[in-house]
Amino acid sequence: HGNAHFLRGVLRELQALGHTVAAHEPEGSWSVENLLRDHGAAGLAASLAPYPELTALIDPPGFGQEHADSDADSGAALDAALWTGAWYADYRRPDGTAEAHLTLDSLTLLRWDATSPARARQVLEAAAATLQTRANQDQPWGDWGVMCAFPPYGARADLRAKSAFGFRYHNGGDWPWLDGLYAGELLRRGLPGWRYPLTRWWEVSLRNGWPGAVEYFSPPYPP
């Protein structure tokens with residue numbers, strides 16, 4: 001539910017910038033089916049009413065196979081836009097400059113096989129060396145989990161609220177759900193090391209007497 005609202009916000013921002021956007025969802029999707037079961041067609045209509053400019057295209061089973069031939073072209077375009085030589089940059093600004101730090105969010109590209117296996121392996125190796133705090137000696141708090149981004153954002157103008165501070169919130173905090181994405185990719189690809197991202201945040205919370213991260217945590221900003 002929260003992710004859906006986030007994505008609607010992203011789509012609206014893209015439209016405001018002049019882009020044409022298309023949202024796809026699979027036929028019989030879990031969220032829609034459950035909404036219909038619990039609240040009926042009226043509930044579904046009410047959930048969509050605040051977003052009249054956004055519509056979803058319903059994709060039948062096997063839809064993705066029809067677009068398999070475009071995968072190579074998409075991978076090449078992704079590399080041209082964001083590949084840094086070791087991982088994918090976070091984004092490019094309108095002036096063409098990039099926020100080139102490594103983020104756990106970029107592992108969504110791996111999760112949906114938007115990259116080649118070789119690129120995916122490079123990104124995972126970079127995450128182990130850069131985002132795992134046990135391996136990163138350039139952050140000062142020792143072994144406390146997996147940072148969601150490193151180094152911190154380079155442009156102050158790109159930051160808002162809590163993320164304006166290094167190692168806080170989206171600017172380098174440890175987000176357990178992103179740790180799960182990271183661990184899942186290691187497991188899916190038969191690679192070692194999945195236990196650290198999956199459990200280190202919990203171990204650190206227990207050791208410090210913290211109740212556990214509701215959203216995120218980091219040593220300078222404990223939960």
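## A nonpolar surface patch

A patch, as the word is used here, is made of residues with over 30% relative accessible area and no salt bridge, nonpolar side chains being joined within 5 Å. In this predicted model, Val10, Leu14 and Leu17 form such a nonpolar patch on the surface, and together they have about 250 Å² of accessible area. Leu17 belongs to the loop between helix H1 (2–16) and strand E1 (23–26), and with a relative accessibility of 65% Leu17 counts as exposed.

## Helix H6 and its packing

Helix H6 covers residues 176–188, and its 13 residues reach 18 Å from the first C-alpha to the last, close to the 18 Å expected at 1.5 Å a residue. Its buried residues are Pro176, Leu178, Asp179, Leu181, Tyr182, Ala183, Glu185 and Leu186, and the buried residues of H6 pack against helix H4 (107–111), helix H5 (117–130) and helix H7 (195–207). Just after H6, Gly190 adopts a positive phi of about 70°.

The loop between strand E6 (149–150) and H6 contains Pro151, which is joined to Phe150 by a cis peptide bond with omega of about -10°.

Ala161 is also placed in the loop between E6 and H6, and although Ala161 is not a glycine, it has a positive phi of about 50°. Tyr169, likewise in the loop between E6 and H6, is a residue other than glycine with a positive phi, near 55°. Ala161 is exposed, with a relative accessible area of 64%, whereas Tyr169 is buried at 18%.

## Aromatic pairs and a cluster

The structure holds 11 aromatic pairs. In one of them, the rings of Phe165 and Tyr221 have centres 6.5 Å apart and planes at 50°, so the pair is tilted. This pair links distant parts of the chain, with Phe165 in the loop between E6 and H6 and Tyr221 in the segment after H7, 56 residues apart. Phe165 counts as partly exposed at 40% relative accessibility, and Tyr221 is partly exposed with a relative accessible area of 25%.

Tyr169 and Tyr216 form an edge-to-face aromatic pair, with 5.2 Å from centre to centre and 70° between the planes. Because Tyr169 lies in the loop between E6 and H6 and Tyr216 in the segment after H7, the pair ties together parts that are 47 residues apart in sequence. Tyr216 counts as buried, at 13% relative accessibility. Finally, Trp141, Phe150 and Phe167 form one aromatic cluster, and Phe150 is the residue that a cis peptide bond joins to Pro151.

Note on methods. Residues are numbered from 1 along each chain as its sequence is written. This is a predicted model: local features need pLDDT of at least 70, side-chain atom pairs count only at pLDDT 80 or more; totals for chains, interfaces and linings use all residues. Side-chain values use heavy atoms; hydrogens and water are left out. Patches are made of residues with over 30% relative accessible area and no salt bridge: like charges are joined within 9 Å, nonpolar side chains (Val, Leu, Ile, Met, Phe, Trp, Tyr) within 5 Å. Accessible areas come from the Shrake-Rupley method with a 1.4 Å probe; for residues, only the protein chains shown count as cover. A salt bridge is a side-chain nitrogen of Lys or Arg within 4 Å of a carboxyl oxygen of Asp or Glu. Helices (H or I, at least four residues) and strands (E, at least two) are DSSP runs, numbered from the N terminus. Buried means under 20% relative accessible area, exposed over 50%, partly exposed in between (1.4 Å probe, protein chains only). The expected span of a helix is 1.5 Å times one less than its number of residues. Contact means heavy atoms within 4.5 Å. Rings of Phe, Tyr and Trp (its six-membered ring) pair if their centres lie within 6.5 Å; planes under 30 degrees apart count as stacked, over 60 as edge-to-face and the rest as tilted.
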